[in-house]
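Let's take a friendly walk through a structure with its sequence alongside. Have both in view as you read.

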Amino acid sequence: MTDRVDFDDSDDVVAVPLRHPGRWIAAVAILLVLAALIHSLWTNTNIIHSSITEFLFDPRIIKGVGLTIFITVISMVIATILAIVLAVMRMSANPVLRAVSFGYIWFFRGTPLLVQIVFWGYLGLLYSQIAAGIPFTNIQFFAIDTNTLIPALVGGVIALSLNEAAYAAEIVRAGLLSIDHGQREAAYSLGMGPGYTLRRIVLPQAMKVIIPPMGNETISMLKNTSLLAVVAVAELYTAATQISAQNLRQVELLIVASAWYLFMTTVLSIPQYYLERRFGRGTARELPLTPFQQLKAAIARGRGRSNSRREVAQLQKGSLS
Amino acid sequence: MTQPSQNMVEARSVRKWFGSNEVLKSISLEVPRGQVLCLLGPSGSGKSTFLRCINHLETIDGGRISVDGELIGYTQRGDKLHEMKPKEIARQRRGIGMVFQRFNLFPHLTALDNIVEAPQGVSGVPKAQARERAVALLERVGLADRVDAYPAQLSGGQQQRVAIARALAMEPKLMLFDEPTSALDPELVGDVLDVMRDLATSGMTMIVVTHEIGFSREVADRMVFMDGGVVVESGKPADVLDNPQHERTQLFLESVL
């Protein structure tokens with residue numbers, strides 16, 4: 001009983017942290033391997049590094065990046081709307097709607113995306129004109145040349161959206177299924193109709209299940225836009241290959257394109273994080289900290305200014321109000 | 001349509017099957033306006049199912065249920081019954097409040113927004129007015145200080161009181177309670193029962209499925225004991241509780257008292 005620890009009134013735990021030597025050893029080993037890899041790429045005489053920096057901000061590449069973002073955003077928006085419609089159809093009491101939704105998902109998940117893109121690209125060969133009229137008669141209101149109505153870019157967006165909708169529909173359906181039936185019953189008992197209940201009660205709660213896999217899908221979509229190269233849409237990958245076809249620096253331009261894809265993927269994860277926070281409201285007693293708030297807390301901890309728990313609690317209070 | 005009856009709820013020979021299992025075997029009940037009916041019985045006796053039939057959360061397979069003189073879920077034209085459109089059913093439910101065993105608050109909305117959602121979104125009450133009334137209702141159930149709390153930040157008893165306020169916000173003429181205190185810690189039951197007692201005193205017509213014998217003795221105008229999908233015994237609480245006529249009722253009361 002002689003070795004009593006000094007103990008003041010505040011009962012904060014101030015303890016020497018446990019050391020983790022294993023972590024340091026693992027980190028050093030991995031960093032060595034990485035350094036060796038980078039060194040071998042850097043000193044490889046077959047790669048002309050100056051051309052990477054030369055083409056990284058080439059106007060054709062920048063235009064390709066813009067087009068890639070445009071196609072990704074438009075296709076994801078169309079796909080998400082279509083996916084919600086398909087998921088609701090799939091769960092509806094109407095057997096015709098259920099069958100149509102099932103058939104759609106079966107077909108568009110079951111055929112390769114590349115084939116679908118080529119199909120929409122070559123639609124002009126199948127139907128030279130697209131016309132509106134009364135079926136099975138000769139009455140025609142108007143007719144447009146297919147290649148005018150659906151240029152390669154539009155065809156590409158249609159192909160990506162329709163394909164993505166099939167996958168996203170199952171994600172949305174999983175989200176809708178995850179909501180306890182009691183929520184619908186409570187809404188109905190208050191006199192809300194099925195549509196209103198879906199929009200205001202079920203979907204907002206399903207979002208927290210839907211968003212993480214949809215983030216995945218968005219990143220897939222971003223990279224799948226490169227498949228539009230087969231129908232000559234000048235997105236990032238096409239732009240890079242067109243340049244390398246002239247100067248024969250294939251690897252360099254692939255590195256340029258990859259750097260941009262990596263950058264865009266990184267940027268896309270940020271809105272996902274904040275969307276998850278937005279729709280996670282009310283599920284936890286306290287909202288998790290944003291990375292920015294975590295950084296602030298870490299800095300404060302590093303300075304030894306206060307104990308972390310209190311700091312965290314303060315920040316959380318701030319973020320809720 | 002018949003002349004406005006003095007009964008708020010009239011159920012005539014209501015039958016209900018789940019698959020091949022007959023859970024309600026010709027239930028007939030009346031609840032006069034302003035009265036409180038307590039439904040007692042062992043689990044599986046059909047009392048919750050019957051309650052859910054009254055606001056058409058369950059469809060019935062036989063008989064008729066009417067609330068405030070209006071047939072629930074169906075329209076009678078000539079001698080034929082027609083199923084109602086979802087919109088019509090939603091309109092009927094607006095007059096019938098329901099409180100669930102598991103509260104079923106909307107977890108993504110604050111206490112206030114839970115209450116405001118239906119009056120504002122469905123009945124078209126202006127936002128300011130709906131909020132003002134919601135605050136008054138929260139005050140009435142003793143939660144004036146938890147306006148901005150999410151359900152996850154409330155105790156079970158507080159959640160159930162918000163749920164009662166949410167149902168009352170639609171200004172129902174009838175309130176249905178489906179074992180409102182069964183999921184609560186014992187020390188939280190009292191607050192919820194206080195709110196319900198207060199509601200009964202104010203003249204609300206109520207049907208309460210409950211295991212709270214003391215509460216039903218005090219508040220109920222009439223008590224119904226159900227078992228195996230039939231009404232075994234009904235009458236004034238004192239008669240049913242102190243002088244049960246049927247052996248089944250006696251056995252049940254012995255086991256819960």
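Which side chain of chain A meets B:Arg52 in a salt bridge?

## Where the two chains meet

This is a predicted model. In it, the side chain of B:Arg52 forms a salt bridge with that of A:Glu185, at 2.6 Å from N to O. Between chain A and chain B the count is two salt bridges, and seven residue pairs are in polar contact, both residues at pLDDT 80 or more.

On the chain A side, helix 9 (181-189) and helix 10 (194-224) each supply at least two of the residues that touch chain B. Helix 9 of chain A gives the largest share, seven residues. Sorted by class, this side of chain A has 10 nonpolar, eight polar and five charged residues.

## The contact as a whole

In total, 23 residues of chain A and 25 residues of chain B take part in the contact. The two chains bury about 2,200 Å² between them, and carbon and sulfur atoms give 57% of that area.

## The sheet in chain B

Now look at chain B, where four strands make an open sheet in the order 2-1-4-5, with antiparallel pairing. Strand 2 (21-32) and strand 5 (70-71) of chain B are at the edges with a single partner strand each, so one side of each has no neighbour in the sheet.

Strand 5 of chain B pairs with strand 4 (residues 62-67) of chain B in the antiparallel sense, over two bridges. Here B:Leu71 is the bridge partner of B:Ser66. Helix 1 (residues 47-54) of chain B packs on the sheet and touches strand 1 (7-18), strand 2 and strand 4 of chain B. The direction of helix 1 of chain B makes about 60 degrees with that of strand 2 of chain B.

Definitions and conventions
Residues numbered from 1 in each chain as written. Chains lettered and ligands numbered in written order. Predicted model: local features only at pLDDT ≥ 70, side-chain atom pairs only at ≥ 80, totals over all residues. Heavy atoms only, no water. Pairing = 2+ DSSP bridges. Contact = heavy atoms within 4.5 Å. Axes fitted to C-alpha atoms, helices over the stretch in contact; angles between N-to-C directions. Buried area = accessible area lost by both parts, 1.4 Å probe. Salt bridge = Lys/Arg side-chain N within 4 Å of Asp/Glu carboxyl O. Polar contact = N/O pair within 3.5 Å; in protein donor to acceptor, adjacent residues only side chain to side chain. Nonpolar A, V, L, I, M, F, W, Y, C, P; charged D, E, K, R; others polar.
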